[in-house]
Amino acid sequence: MLGGVAAAAVSLGIAQLVTIPFGAPADPLNAVGSAIVDLTPGPVKEFVIQTLGSLDKLFLAVVVLAVIATIAAIAATYETRRRRIGSAIFVVAGLVACAAVLSRPGATMADIVPTVVGTAGGVAVLRLLVQRLWTTPNDDAEQFDTTRRMWLATAGLLGFGAATGLLGVVVGRMTSSVAAERDTAELPMPRVPAPPLPPDAQPKNVALPSFITDSADFYRVDTALSVPQLSRDEWRLRIHGMVDREITYSFADLTQFDLIEKAVTLTCVSNPVGGDLISTGIWTGYRLTDLLKAAGVATDADMLLSTSVDGFTVGTPVDALSDGRDAMLAIGLNGQPLPVQHGYPARLVVAGLYGYVSATKWVTDFELTRYDRAAAYWTKQGWAARGPIKTESRIDVPKRGQEVAAGPTTFGGVAWAQNRGVRAVEVRIDDGPWQPALLGAAYSNQTWRLWSLPWQASGPGSHTITVRATDNTGAVQTSDHTSTVPDGATGWHSVDFTVA
Ligand SMILES: Nc1nc2c(c(=O)[nH]1)N[C@H]1C(S)=C(S)[C@@H](COP(=O)(O)O)O[C@H]1N2
Ligand SMILES: [Mo]
């Protein structure tokens, strides 16, 4: 069994090395993982995102490696000199991996070379172990010899597999990474800069998230197992479908358009009540209306189906692109070129819509189409076709179970209703009356609002704090608890705490 695992390790290690000249799309492990992500039912994905957050990808990698090791271990026990059942199982696994590689967007026949070479290497090791190293012992001394030889060979092969695999991954990342390009890339000055932040947007005396989220702290959600590495030179944006004429922009072509800057709060539809899949950034980019004008959008097109370089799709209502909310093709976040994991070199940002229908990262393709003809990635998995962000609020202080010292204290949190704006936030302690919270200054209807509530803690005892927001249409956040599927969670956020 251990020999089988060693054969699999060599197989994967060699495949990683051979992947280097072909690039990430030819990486069989990555392709298998991505295929699993795509084939996993939506609710299961949702569960994993919610429970593991950004650790979801590490979890998947560990599971995939464990499954491969298990299959290899079992396969090896069926391999004999005459009956090559183990080898056959390796070949079948190799074929499955080839299919996964070819199922990736943009894959070519050449991309299966690393998988084929790796599979051949694995089979060769399996044969070697069975034919050359394993001899049926005649006596105890020979038994000892055979066992020792097998252990040594297996350990050596495991080490070889791990070393080549690691080398392949490290060198592959180094040669394909656009991190260095991104770090030195220029972000031109916007012609229309974002208005400055009012000094009182951030409430005092309470440790709340910063109104503008640090790029390093910005939440991240995507299906990309390895972050797409797309240089500005390689980047193209093709606009096609229901348009008067097709256009393809290069990155340099974009300079003909007005560069604008806007603060927008992004929110994930998978954000549970009280969750942290929400962040605010200052985005630099080009208005989609400008980019689309040259193509001429047909009057009966009602969906912009955008696709990323790794095949993720998003459907955005055409209405939302031209109703004055300044939907944009963003190239910068917080005054820097987009971080690679947030979509370098270009992504969509459309205020007021959950990320799965508005925020395509590494975007390369715009198809103008109709909701009755096309469906995007998450809609096919059971999420709503349209996803306007719901009015919600969250308590950041106190934390659940926190022990608050008796005396004056300040609670606080955030509230959001992008594209409508937050008018009021109310807080209730236990079953007491709703009290108005102090609101941080409003920046725009496209950003969240921070709130605080001074409170006199007298103890000891346990309490519950509950929050609800009212948006600028006058609608009060609903108390109905619904799940994140299909179009975003609702309900009031409550936090239990104690006074010492
Ligand atoms: N290419 C690509 N873009 C994507 C996604 C993705 O999986 N792939 N996920 C979307 C979702 S669901 C969200 S919530 C936002 C998150 O953007 P962020 O990671 O920059 O915060 O990206 C959107 N854009
Ligand atoms: Mo999302």
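In helix H2 (residues 28–39), the buried residues (under 20% relative accessible area, with a 1.4 Å probe and protein chains only) are Pro28, Asn30, Ala31, Gly33, Ser34, Ala35 and Val37. This is a predicted model, in which local features need pLDDT of at least 70, side-chain atom pairs count only at pLDDT 80 or more, and totals for chains, interfaces and linings use all residues. Residues are numbered from 1 along each chain as its sequence is written, chains are lettered from A and ligands numbered from 1 in the order in which they are written, and side-chain values use heavy atoms, without hydrogens and water.

Helices (H or I, at least four residues) and strands (E, at least two) are DSSP runs, numbered from the N terminus. The cover over the buried residues of H2 includes helix H1 (2–22), helix H3 (42–52), helix H4 (56–77), helix H5 (85–103), helix H6 (113–133) and helix H11 (377–380); contact here means heavy atoms within 4.5 Å. At the start of H2, a side-chain oxygen of Asp27 comes to within 3.0 Å of the backbone nitrogen of Leu29.

In H5, Gly86, Ser87, Phe90, Gly94, Ala97, Cys98, Ala100 and Val101 are buried. Seen down the axis of H5, these buried residues fall within an arc of 160°, so they line one face of the helix; the arc is taken from the directions from the helix axis to the C-beta atoms. Leu95 and Val96, which are exposed (over 50%), sit on the face of H5 turned away from its buried side. H1, H2, H4 and H6 are among the elements covering the buried residues of H5.

Asp222 is in the loop between helix H8 (179–184) and strand S1 (236–241). Asp222 is buried, with a relative accessible area of 14%. Its side chain makes polar contacts (N or O atoms within 3.5 Å, one able to donate a hydrogen and the other to accept it; residues adjacent in sequence count only if both atoms are side-chain atoms) with the side chain of Arg220, at 2.8 Å, and with that of Lys361, at 2.8 Å. Leaving out residues up to four places away in sequence, Asp222 touches Lys57, Gln341, Lys361 and Trp362.

Conventions:
Expected span 1.5 Å × (residues − 1).
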